[in-house]
Amino acid sequence: MVPGRDLGRETERHAEGLKREIARAWASAEGILALRDADVVGEPGRYIEFETLPEQPLPDLNWTSKGIRLASVARSDEGATIGTIFVPDTQQEFLDTKLDEYRSNRGKTGRPSHEARFAPIEHFRLARLESLWVDARAMPPEGSSTWWECWCWPDRIVNFDAKAAAVGVLVGEDRLRFAEREVVFIYADRQMLARMVASTDAVAEIRLGRDDASFFTSGKGRDDQNGWIDATVQRLVSSENADGIAVCLLDTGVNRAHALLAPVFSADDLHSVNPAWGTDDHHGHGSEMSGLAFFGDLTATLASTDPLAITYVGEAVKLLPPQGFPATQPQSYGLVTQQAILRPEISRPDRDRIFCMAVTQADVHGPRATSWSATLDTMAFGGSEIDDLRQRLICVSAGNLPDGLQHGDLEDWDSYEVEDPAHAWNVLSVGGYTLKGPITDQGYEHWVCAAAIGELSPYSRVSASWYRGVSPIKPELVLEAGNKGVDSADSTLVSGMDSLSLLTTSRDPLVHPLTLSWATSAATAQLSGMATALLADDRSLWPETVRALLTHSARWTPPMETALLATGQKAERLLMLRRFGYGVPSLDRALRSASNSLALVAQQEIQPFHRTKGGTKLHQAHFFALPWPRDTLLELGEHEVRLRVSLSYFIEPNPSADAPLSPARYRSAGLRFDLRRRNEPQDRFEARVNALASLEEDEGDLPGVFADQGRLLGERSISAGSLHVDEWRCNAADLADRNAIAIFPVGGWWKMSKDRTRNNGSMRYALVVTIDAGDVEQDLWVEAAIAAGIEIEQDVSV
């Protein structure tokens, strides 16, 4: 509007025109609204696009208390400002009222009310998806999936996450946080993106994809690597108690001269199995692992402006000899690894630590225990002195597929088995998945990725071919391991492409301080950092509990979940688990429970056996009364809820000749869990658990009468190993009175031993139980807080 002599009539006509345009926008079902779901997460609303006259200032259209917010804004070639506001459906009348006041009210100066807000505006119209597009690049065409940056309002991000989970959109793990925006990366086509935007109240702006490692190694960021690093160093904030927790890398050493590694590695914390080897990184692998353990993929970290909290320090033990020294012989791997673990413990016995080892034996695989894997199991258990144990969490890479494969070789993926010693029962074995793609390396844009987004990384090994009854699920977790390109000429898989790799710290900070990393080594380093951060947050957590919490936090990506649920056969689902484990862990989920989840964590000791004159028998079972929010669950009725249970403990291994024949020959004792059935009295529950324990004691099959149809993976999924996870997926009402869980022992070599200390020995376990009700509004914590205690445990003789 351009005010003339008759200000009142001009303002009236202008206001009426804007009101008509607002009304048309509200009456329309086009634009983004056309893809709005019936189930909107957050406050339903409309995106309204506005356009100003040329060269007019940006009007203030924020009414934050009413939920009306400025989203995107841009300047046209003609000088007009084109922007978008989000208006809740309930605030149309409020906006009309403000336009009426603009039309009719005059202040002391005679100027219209809200003149600065409305006078510059020439038009209102219903926004399209393109209205939120603020990228200089063109929006990708319909039908093709790609990575998008969704710039969200931080106080509404929980609604975006809930909607993404509900519709199965693949969300990247990395996020960027700014004062007024939080950037979430999603992989979707334009229709799904529009559906997400229209069905939440969270998205302010949309941009294309995200920078990958090639930006820093061969793109615009290459010439200023030191500048990016210096800026990141300025954001480091070390906590007061960081020195009490460490991530300990058993690798090739570390070059602590790197600007990002110097603040977290002290010279006193660098060790070597052989002092003659020195402690400096002779290869580069250790320095690369260090950067990933502390900062994750630097591609996202360097681009952020958030403070970087340093809550733990680093330790490094040179496990591998440098050039010029004899190679360690395979028969000595176990002894050398044991020495590597003990050196930092002797140096700093007061410090808690998580161990990280991404070294495997490429030509040794299969579930049979080796001297190396059995040593890791023993060290995790705490050693061989039953009355003086020091339990340890050790993260180990699953090993990588060999180089030189062709794309067609992946059809026989299950033949590439997890490598020694990652099959050890007590360690966390780490595989890889990938969110890397598409390829952006110059000259290779038309190559294809070997693995689709969200699927198993083409580096990662599996245990699908192992005999399921006597071997644990391996790997248990998968993290970003990068992708491979496919050579368009001969279909050979190509490793190390910049845009498909992770970015990390180099051993040569002067020449090229940033370098690329990939494969299960990179995944293992990231998980080790997560585990150490979790322990730093609460030093009372046992290693068994850290392992349980990380595994419990894991979720399958949409492609993984689709494959898992494509069959109703539990045996087929277990086959899937032997490829991608229990999914992708999340430190945020491990650290806290959302308001619509109920999480219970228990750390307990149990005596599985008791020796009497008549022999050694099963001894204890633990029954936990769960303070379920029963009334709330009944109100939810048919709404699907997910109950997830994770049980973690360490066994003392017995790698005898007959151990491969049965889990009971290898483990000291096993533990199992079971959930109370619907309408099942407590005494019948206890009797059924006794029967289950006795059956497994005799190594018999579980009869069908004991089968629980609500279990996703089933009773037979936990026959081997020392980490057990399962889910119940059912409607909320069915779960309401299933308010007790049992932990009970099954057989092991302690029972058959002549050592009375072991016959009557105790073992620790960690139990994590979570109810997730998805995107419902009810807060499950409210009623649970009224329940009598978070956990009520009773011992019952078996």
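Hi everyone, let's start with a helix pair: in this predicted model, helix α14, residues 558-565, packs with helix α15, residues 570-580, at an angle of about 155 degrees, and their axes are 8 Å apart. Angles over 145 degrees count as roughly antiparallel, so α14 is roughly antiparallel to α15.

Which residues make that contact? From α14 we have Met560, Ala563, Leu564 and Leu565, and α15 brings in Arg573, Met576, Leu577 and Phe580.

Seven strands make up an open sheet, and if you walk across, the order is β11-β13-β10-β14-β16-β18-β20, with parallel pairing. Which strands sit at the edges? Those are β11, residues 265-272, and β20, residues 477-480, each of which pairs on one side only. From one strand to the next, the twist averages 30 degrees.

Let me zoom in on one pair of neighbours. Strand β14, residues 352-357, pairs with strand β16, residues 394-397, in the parallel sense, over three bridges. If you'd like a spot to look at on screen, find Phe355, which stands opposite Ile394 in β16.

And what packs on this sheet? Helix α10, residues 333-347, does, and α10 touches β10 (245-251), β11, β13 (313-318), β14 and β16. The direction of α10 makes about 155 degrees with that of β14.

Terms used. Residues numbered from 1 in each chain as written. Predicted model: local features only at pLDDT ≥ 70, side-chain atom pairs only at ≥ 80, totals over all residues. Heavy atoms only, no water. Axes fitted to C-alpha atoms, helices over the stretch in contact; angles between N-to-C directions. Helix = DSSP H or I, 4+ residues; strand = E, 2+ residues; numbered from the N terminus. Parallel < 35°, antiparallel > 145°, perpendicular 65-115°, else oblique. Contact = heavy atoms within 4.5 Å. Pairing = 2+ DSSP bridges.
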